[in-house]
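Please keep the sequence and the structure in view while reading.

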Amino acid sequence: MKKVLVLCTGNSCRSQLAEGFLRYFAGGQAEIYSAGIETHGVNPRAVKVMDEIGIDLSAHTSNHVDEYAHINFDYVITVCDNAKESCPYFPSGAIKYHYNFPDPAKASGTADEIMLEFRKVRDMISDYCSAFVKENFNRKL
């Protein structure tokens, strides 16, 4: 079974969203992990916007990339420039993908405006993950 690691700075928002979507779209055809180069805890707004579309992140944890150093990943997806620049070397020869999604945790404004930014980034990550699964797992969605 293919193994996928999604990596971002704090494993708080973007990588958590991507992990949720990749699990959903891959439908059990891959083992999906997410981690950060730091751990900031799972952002409750990330959990909330995924719950709105029926994907449960409530049991997710914020993990440091070093926890997965022993796993031979097939794919490593970095979802922010900071993680890409700091991404550790994976001796497995994992294929690397990168997309710099905006960080919704940095959104400012009213509570509604911040949630709109979370939904916007969620939808961007959904599109990216759907395309990734179609391309790499030959899965029709």
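Helices (H or I, at least four residues) and strands (E, at least two) are DSSP runs, numbered from the N terminus. With that numbering, Tyr68 is found in the loop between helix 2 and strand 3 (75-78). The model is a predicted one, in which local features need pLDDT of at least 70 and side-chain atom pairs count only at pLDDT 80 or more, while totals for chains, interfaces and linings use all residues. Residues are numbered from 1 along each chain as its sequence is written, and side-chain values use heavy atoms, with hydrogens and water left out.

## Helix packing

Two packed helices are described by the angle between their axes and the distance between the axes. Here, axes are lines fitted to C-alpha atoms, for helices over the stretch in contact, and angles run from 0 to 180 degrees between N-to-C directions.

| Helix pair | Axis distance | Axis angle |
|---|---|---|
| Helix 1 (residues 14-26) and helix 4 (residues 111-137) | within 9 Å | roughly 45° |
| Helix 1 and helix 2 (residues 44-51) | within 9 Å | roughly 30° |
| Helix 2 and helix 4 | 10 Å | about 65° |

Angles under 35 degrees count as roughly parallel, over 145 as roughly antiparallel, 65 to 115 as roughly perpendicular and the rest as oblique. Helix 1 and helix 4 are therefore oblique to each other, whereas helix 1 and helix 2 are roughly parallel to each other. As to handedness, a crossing is left-handed if the near helix is turned anticlockwise from the far one by less than a right angle, and right-handed if clockwise. Helix 1 passes helix 4 in a right-handed crossing, helix 1 passes helix 2 in a right-handed crossing, and helix 2 passes helix 4 in a right-handed crossing.

The residues that meet are given next, where contact means heavy atoms within 4.5 Å, and where Ala, Val, Leu, Ile, Met, Phe, Trp, Tyr, Cys and Pro count as nonpolar, Asp, Glu, Lys and Arg as charged, and the others, Gly among them, as polar. From helix 1, Arg14, Leu17, Ala18, Phe21, Leu22, Phe25 and Ala26 meet Val121, Arg122, Ile125, Ser126, Cys129, Ser130, Phe132 and Val133 of helix 4. The residues of this contact of helix 1 with helix 4 comprise 11 nonpolar, 2 polar and 2 charged. Toward helix 2, helix 1 uses Leu17, Gly20 and Phe21, which meet Ala46, Val49 and Met50; the contact of helix 1 with helix 2 holds 5 nonpolar, 1 polar and no charged residues. In the remaining pair of the table, Arg45, Ala46, Lys48, Val49 and Met50 in helix 2 meet Ile114, Met115, Phe118, Arg119 and Arg122 in helix 4, and the residues of the contact of helix 2 with helix 4 are 6 nonpolar, no polar and 4 charged.

In what follows, buried means under 20% relative accessible area, exposed over 50%, and partly exposed in between (1.4 Å probe, protein chains only). A polar contact is a pair of N or O atoms within 3.5 Å; within protein, one must be able to donate a hydrogen and the other to accept it, and residues adjacent in sequence count only if both atoms are side-chain atoms.

Asn11 lies in the loop between strand 1 (2-8) and helix 1, and Asn11 has a positive phi of about 50° although it is not a glycine. With a relative accessible area of 0%, Asn11 is buried. Its side chain is joined to that of Ser15 by a polar contact of 2.8 Å, and a polar atom of the Asn11 side chain lies 2.7 Å from the backbone nitrogen of Asn63.

Ser34, which lies in strand 2 (residues 30-36), is buried at a relative accessible area of 1%. The side chain of Ser34 makes polar contacts with the side chain of Asn11 (2.9 Å) and with the side chain of Glu19 (2.6 Å). Not counting residues up to four places away in sequence, the residues that Ser34 touches include Leu5, Val6, Asn63 and Tyr68.

Tyr68, at 13% relative accessibility, also counts as buried. Under that sequence exclusion of up to four places, Tyr68 touches Leu5, Tyr33, Ser34, Ala35, Asn63 and Phe73. Tyr68 and Gly28 are 40 residues apart in sequence and 20 Å apart in space, C-alpha to C-alpha.

## Asp103

Asp103 lies in the loop between strand 4 (95-98) and helix 4 and, at 22% relative accessibility, counts as partly exposed. The side chain of Asp103 reaches the backbone nitrogen of Ala105 at 3.0 Å. Asp103 and Ser12 are 91 residues apart in sequence, and their C-alpha atoms are 9.9 Å apart in space.
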